Amino acid sequence: MSLQEKLLNIQNELKAPKGQYNSYGNYKYRSCEDILEAVKPLLKKYNCVLMISDIVELIGERYYIKAIASIEDVDEPDKLSRISNIAYA
């Protein structure tokens with residue numbers, strides 16, 4: 001199974017309920033910790049690892065958090081099998 005197929009299955013099977021509550025805004029939400037706890041068993045099932053990092057970057061006169069998430073296939077140790085995504089906040 002390719003890494004893309006494994007990622008598709010993980011995304012399809014992942015259930016991360018909104019376990020947090022914001023009383024000021026009166027809404028439920030899921031935290032990063034909620035999502036990570038829900039994805040860990042699926043990563044083990046499909047023999048993948050997830051890596052997340054944050055970097056502070058100065059762009060112009062403003063600071064941003066650059067978040068990078070990568071998933072790697074442990075079944076393919078000889079070749080680099082990785083999917084990454086970057087987002088700014």
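Below are my entries, starting with the ground rules.

**Ground rules.** I'm working with a predicted model, where local features need pLDDT of at least 70, side-chain atom pairs count only at pLDDT 80 or more, and totals for chains, interfaces and linings use all residues. Residues are numbered from 1 along each chain as its sequence is written, and side-chain values use heavy atoms, with hydrogens and water left out.

**Overall layout.** I found 2 helices and 5 strands in the protein chain. Helices (H or I, at least four residues) and strands (E, at least two) are DSSP runs, numbered from the N terminus. Going along the sequence, I read the pattern α-β-β-α-β-β-β.

**Overall shape.** The C-alpha trace spans about 45 × 35 × 15 Å along its principal axes. I got a radius of gyration of 16 Å, whereas a compact globule of 89 residues would be near 12 Å. That radius is taken over C-alpha atoms, and the globule rule is 2.2 Å times the number of residues to the power 0.38.

**Inside.** How much of the chain is buried? Buried residues come to 19% of the 89; buried means under 20% relative accessible area, exposed over 50%, partly exposed in between (1.4 Å probe, protein chains only). Next I looked up the largest nonpolar core, which has 9 residues, among them Leu-3, Ile-10, Val-39 and Ile-71. Such a core is a set of buried Ala, Val, Leu, Ile, Met, Phe, Trp, Tyr and Cys residues joined through side-chain atoms within 4.5 Å. Helices α1 (3-13) and α2 (32-45) each give two or more residues to this core. In soluble globular proteins, nonpolar side chains tend to be buried together.

**Val-39.** Skipping its neighbours within four places in sequence, I saw Val-39 in contact (heavy atoms within 4.5 Å) with Ile-10, Leu-14 and Leu-50.

**Ser-81.** Is Ser-81 buried or exposed? Ser-81 is buried, because its relative accessible area is 14%. I found Ser-81 in the loop between β4 and β5 (82-88). Not counting residues up to four places away in sequence, Ser-81 touches Leu-3, Ile-71, Glu-72, Asp-73 and Glu-76. I also checked Ser-53: from Ser-81, that residue is 28 residues apart in sequence and 18 Å apart in space, C-alpha to C-alpha.

**Val-56.** My last stop was Val-56, in strand β3. Val-56 counts as exposed because its relative accessible area is 56%.
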